[in-house]
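Please look at the sequence and the model before reading on.

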Amino acid sequence: MESTKSANLMIIKLLIIQCLAFVCIAQDFDFFYFVQQWPGSYCDSKQSCCYPSTGKPASDFGVHGLWPNYKDGSYPSNCDPDAPFDPSKISDLRSNMQKEWPTLACPSGNGLEFWGHEWTKHGTCSESVLDQHDYFATTLSLKNQVNLLQTLENAGIHPDGGSYSLQSIKSAIEQGTGFTPFIECNVDSSGNSQLYQVYMCVDTSGSNLIACPVFPHGKCGSQIEFPTF
């Protein structure tokens, strides 16, 4: 009788441990930042840029990354050294990634180093939800879902080198997506503030836009340039 009771207690303890382990894995981040960057602003800066080996990207926002975050503003990174980036796992996505997720870093590259960095630093922290292939496929799906350039142009905001109010840019994106974005600016070679990156928040499945629990730090001027590319 006692042995049966002890065995049952042991089973219960194991189940509790397994449940706790699952909770820890399932809640290893609170939401994603989905970040797109404007190539004209990346290139029109002191660091300049290099077009990828596949040629100049289209004049469109490109993916920077899909980044797991916590509601307190911090974020996990480099979560799994045993899950290195494997290009063969995304071979079916390569051509689309070269179009939608191009590298602009120097020296010129084919994107693998950029994508590998994004996977190692950020993607490994969402493995409880998305494996390597799904991480990139989900991000590409979000890019199709959030067409920033079309949204801005629908509001009369064009990448023509002109200056636009920060509020008009945020309002246009909010009207087009239903959610308030965070706008990150950088400065051009002359020191003018310009539209650089747009952050949208996504639920932990990587599928649905949500209201941002917290915004990154940083600010733009009230008027910012939208450079050509």
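How many bridges join β1 to strand β2, and how do the two run?

## Basis of the report

This is a predicted model, in which local features need pLDDT of at least 70 and side-chain atom pairs count only at pLDDT 80 or more, while totals for chains, interfaces and linings use all residues. Residues are numbered from 1 along each chain as its sequence is written, and side-chain values use heavy atoms, with hydrogens and water left out.

## Strand β1 and its partners

Seven bridges join β1 to β2 (residues 62–69), and the two strands run antiparallel. Helices (H or I, at least four residues) and strands (E, at least two) are DSSP runs, numbered from the N terminus; two strands pair if DSSP finds at least two bridges between them. Within β2, Gly 65 stands opposite Val 35. Strand β1 is also joined to β5 (residues 193–202) by six bridges, again in an antiparallel arrangement, and Val 198 of β5 is the bridge partner of Gln 36.

Ile 183 belongs to strand β4 (residues 182–187) and counts as buried because its relative accessibility is 5%. Beyond its neighbours within four places in sequence, Ile 183 is in contact (heavy atoms within 4.5 Å) with residues including Leu 166, Ile 169, Leu 195 and Val 198.

A nonpolar core is a set of buried Ala, Val, Leu, Ile, Met, Phe, Trp, Tyr and Cys residues joined through side-chain atoms within 4.5 Å. The largest such core has 47 residues, and Ile 183 is among the members that touch the most others, as are Phe 61 and Phe 226. Strand β5 gives the most to this core, with five residues. Another core, of eight residues, lies apart from it and includes Trp 67 and Tyr 199.

## Backbone features in loops

A cis peptide bond, with omega of about -5°, joins Cys 106 and Pro 107; Pro 107 is in the loop between α3 (94–100) and α4 (112–121).

Ser 48, although not a glycine, has a positive phi of about 60°. Ser 48 counts as partly exposed because its relative accessibility is 36%.

Conventions: Buried means under 20% relative accessible area, exposed over 50%, partly exposed in between (1.4 Å probe, protein chains only).
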